[in-house]
Amino acid sequence: MLSRPSQQSPACRAKLAHTAAREDEELWLTLGKAQAWLDFFFYTMPLRRKVRPSSASGKLETSTLSSILNELRDSTAATEPLSRRAQTSLGGPRLQAASPVSRSSLSGKAQEEAARFPEWLMKEFIKGQQRSHSIGLMENISESERLHRVSPARSPWKGKIEQQITLDQLQKLHAAFQDLEINGCKYLDIENFKHTVKKCMGSHNVNDEQIETLFMKIDYPATGRIQWNDFCTYIHLEYTGQERSCVRLKGSTFSLPATIQEISHGEPVVSICSLSNSTLITAREDGTISFWSTQLNPKRSKMVFAKTSQKSKWLMDFAIMTPYNKLILGTGDRELQLYEISNFEPYLQINGLEAIPLHVDYCYTNPDECMILYGDDQGCVNILLLQSVGELLRTWNKLPKMEHLPHVSLEHAALSPNVTYIRWKVHGDWVSQLSYYDSMKAIISASSHEPTALVIGCVVGATNIEQQMKEIKEHGKDWKAKKWQANLGAPSSRAEGDQIVFRVHKGVKTFALSKKSNLIVTGGMDRIIRMWNPYMPGRPTGMLRGHMSPVFYVYISEEDNKIFSMSTDNMVKIWDIEDQSCLFTASSKNNGIKGEVSACHYISSTRSLCVATDTLAVLHLRLSSTPDPNMVKSHKEPVLCCKYNKVFRHVVSCSESSEVKVWDFENGKQLFEFGDAHGGSAITCLTFDSSGRRLITGGRDGCLKIWNYNNGHCLHTLKREDRHEEICDCTYVEVNRNKYVIGVGWDRKINMFYDSVDNFHHLQKPQAYWLDDISRGHKEDILCIAQCPPTLLATSSYDGEIIVWNMISGHICRKFHTAILTFSVCAQTEDASVTQVLFLKTRVAKYESATSSLISNGPQGYVHFWTLFSEDPLVASFTPSREKSLISSIAVTVDDSYLYAADEDGYVYVHNIKEYALQDPEQEAPKYVNHWRAHINRILSLEVIDEDSILLSSSVDRTVRLWSLSGEYIGTFGQEEPWDIFTPTSWKHPMVPYEILIDPQSMPNHPVLGGESSGLQITDKDEATQDTENRNPKFPEVINEDMKEEIKRPFSTQAPSRRLKHEQLRLLKRPVSHGKPNTYHTINYYEIDSFPGDCKKPDLSILGTDIFSAHYQVAAEPKAHSLSEL
């Protein structure tokens, strides 16, 4: 048993104090590693709760930070430690909770160690000591760290620092930047930035590679220095882009414009409901009930109110009694009328209500039991609980008629033993909406009265034992009168525990409940949509702002986890429940809905929103097709261009829908995306600047745009003022230390835009055109551009012309014309365009006249080799595609040894061109190496990544893929399983993309598949010989003996099929059975001839009986006889 501290001896207390001081000192020295380990678990372990990306533009609170200028100067020459892989801690004794210590209480060694930290870091350590840690065996962690040293590229910390920064660390960075600015250091270079980030975030949390990557993203102009404003701007824009990206990924939209159906002029539609078969039912104020199909085609309509000389009735609301095929109508004459749904015939009315029923609802509670409830203009909720409903309605239907309807007063109805009438005083104003939810066994009602804007209440109230005992004693004393007085007297108020009251500014006009999400959504006059927990009325859990007019209707779609809302100005919005963000907005101008909205209804079965104004309109939710798990798509639209960025090791792809996606090259994961880059116009080309930090895109809108693509910020827009033709290709060049962006396209000119860091104008105009470009330039649309530093530039056009330019002087060096071979049948209509040109840069540098140094594609599937310094420019031509398809993209390795050509069928062909077309003109094709099918459609981008021996391809089939240079399939960007580019076992190889596997064009050429030979005649042939035979089949000469033999054969109009040959061969090889022969052994096989005539069913009426029935009866009689004997 432990003794009290007061009972311990002085020597014992001194020993304990000495031990505690030593433990405190050891804890101080190891606390840095412990804190880093805690940060590792905190920042790397996935959280169960998804967190919204927050903006960095919030208010930053400064904290005390000692000067770190001296530390920055010292750190410039200091070497950084190697990155270490984080290891799981080994089991061991727990660290005891440390008592608070001051800096003065440390030993000399500990004080020297602590003197190197800033004051704010000291405070963090001291605060950390006041917490109880449970990290085991720090010495085991440090020992295991020495055993695992990895390269920075493969470090587990590889990722985005900006995704790890907390608000506290951001405040420390702000204080550090402020301290540097006070001491005259307004800018930070990369070394000082690394030291500052490590001091503020901990050297164990980040590595140099991460910090350098972040610095380059912020310093997109490549000036080598950044400010605090640059840092905050980048963080803010990246989080904004991430939020927009999430919205696009969850993209839910309505198909615009809405489907509009004109309705006859008359009273407004007051309510819309739908049946189980999605048939719409609309009710107008004058009593006109109409049925509509989901395409708004009218089915039937009738005015149910009889025309009399008295004043007209007004319909307030209606509900559907689904099990009983009835409509319940609430009228302005304080009546509830029931009509048959099938023929609109009147069935019953309950009159003499206490107030006007503004909103009616119905619920089927139990077999032959239901509930009719309505909210009135006095703020009361009225409930009719009916039992033995079928018998009760039939009894009331036999009562005397009044105005062509059997009627019963509410007073007499409440006296029935099968009827319970309850009336609650709930609101201080009339009821704006009312619904009963069987999942909660509660009624939710809304009103414009602020103190009681929304009320969730019970149906019958809590049990009162004393009141029940009193009623039992007085049961025989005029119980009917007392029941009537109790029910139809002054409305009762619910007990405080029987209802939940929500106070909302300006009241509630509409609401919706989702029991699955435990969520109530309200909307009203203040234009704010509030999200509530049904059991916490104190404050909303979320507020959605965006409507410019009062909210008229809200609905929660549990299937899509979305909120649909509509305001009185006919604006429709879709909100995401999880992120509480607006996903879609359609104004009246966009959705085509005009007039004053009077009713709304969401049809969950068809996922469409029906709106009633002067017309009927239906907005159909645009549903994304369920993706095939085997079909992986990188984009939703065709991919028109993609390129590899070697600085960040990213792959950037652009689609026809003006969407830009950034992928991690090493694992295939999507890092970032932004849309509407060119205002919805397709992006046709892209390139990077010389630093690799900025992206240049060209689109069909005639604009070139410069981006910081890591956060989606558009830096500059380059375009002509007079013309806006499509940009087909672009490149980034450097001439005489001046940098330019060059774009070509349908304007048939070379547009050069000067690129300068000091240029702050967002819109820029092109430089003056070259004189040769004006007088001797292209006469058709320019489709492609390629550069060969430092001076050469090549362009190709739609008419097959290739021009080589001198970028320094602007003069034309050479002109080439691709000719169309005359033996072609369609030579005059053949497409002569050249869409790809490529310099062989290693050959250009040699300046040899006979050596080909330019490659281009051409018509009829040819690839041409051109020389720049010879009189006869065309050195060689060949067709890589075996089907002579047009070559759509070409690429070469860095040493110009291998040519990769892709055609419009999705095939990639590899040829060895190292010794090809060096001297004399070539008549043969270069050495064939390999070919495979990479896509099922035209390949538009092909790039060789030499440093990793990888081939990048993209196609209009909406995929971007990686391949090894030998054709091994690595993966498709966008697939669920990531790959490791350095680990071939993580690649998809030997698999191939599923769509290629099932595509008929991927089937190899084989004589058996073509029906040219049987399976017994298959022999291994040389591949070249086999291709020749398939392309040019040799038909044998027909002689008289062959004709006679053919005549002797059995009549058959077709040759035997492969399936029949296979069956015959299989039966011939079957072993002989010596047992009793089976019936099918004697079956002969015959070819089925196609009969052109019609085969009609015979008329069996002349027989007087059905053959099948007669046969069935005969076969059934013996069975019945045998059963009777048993």
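Let me start with Arg284, which is buried, meaning under 20% relative accessible area with a 1.4 Å probe and protein chains only, and yet has no salt bridge. A salt bridge here is a side-chain nitrogen of Lys or Arg within 4 Å of a carboxyl oxygen of Asp or Glu. The nearest side chain of opposite charge is Asp286, at 5.0 Å.

This is a predicted model, where local features need pLDDT of at least 70, side-chain atom pairs count only at pLDDT 80 or more, and totals for chains, interfaces and linings use all residues. Residues are numbered from 1 along each chain as its sequence is written, and side-chain values use heavy atoms, with hydrogens and water left out.

What does the side chain of Arg284 reach? It reaches the backbone oxygen of Glu267 at 2.7 Å, and one of its polar atoms lies 2.9 Å from the backbone oxygen of Ser264.

Now the backbone. Most residues other than glycine have a negative phi, and most peptide bonds are trans. Arg527 has a positive phi, near 70 degrees, and Arg607 has one of about 50 degrees. Arg527 counts as partly exposed because its relative accessibility is 39%, in the range between buried and exposed, the latter being over 50%. Arg607, at 24%, also counts as partly exposed.

Which peptide bonds are cis? The one from Leu256 to Pro257 is cis, with omega near -5 degrees. The bond from His989 to Pro990 is cis as well, with omega near 10 degrees.

Definitions and conventions
Lys and Arg count as positive and Asp and Glu as negative; His and the chain ends are not counted. A polar contact is a pair of N or O atoms within 3.5 Å; within protein, one must be able to donate a hydrogen and the other to accept it, and residues adjacent in sequence count only if both atoms are side-chain atoms.
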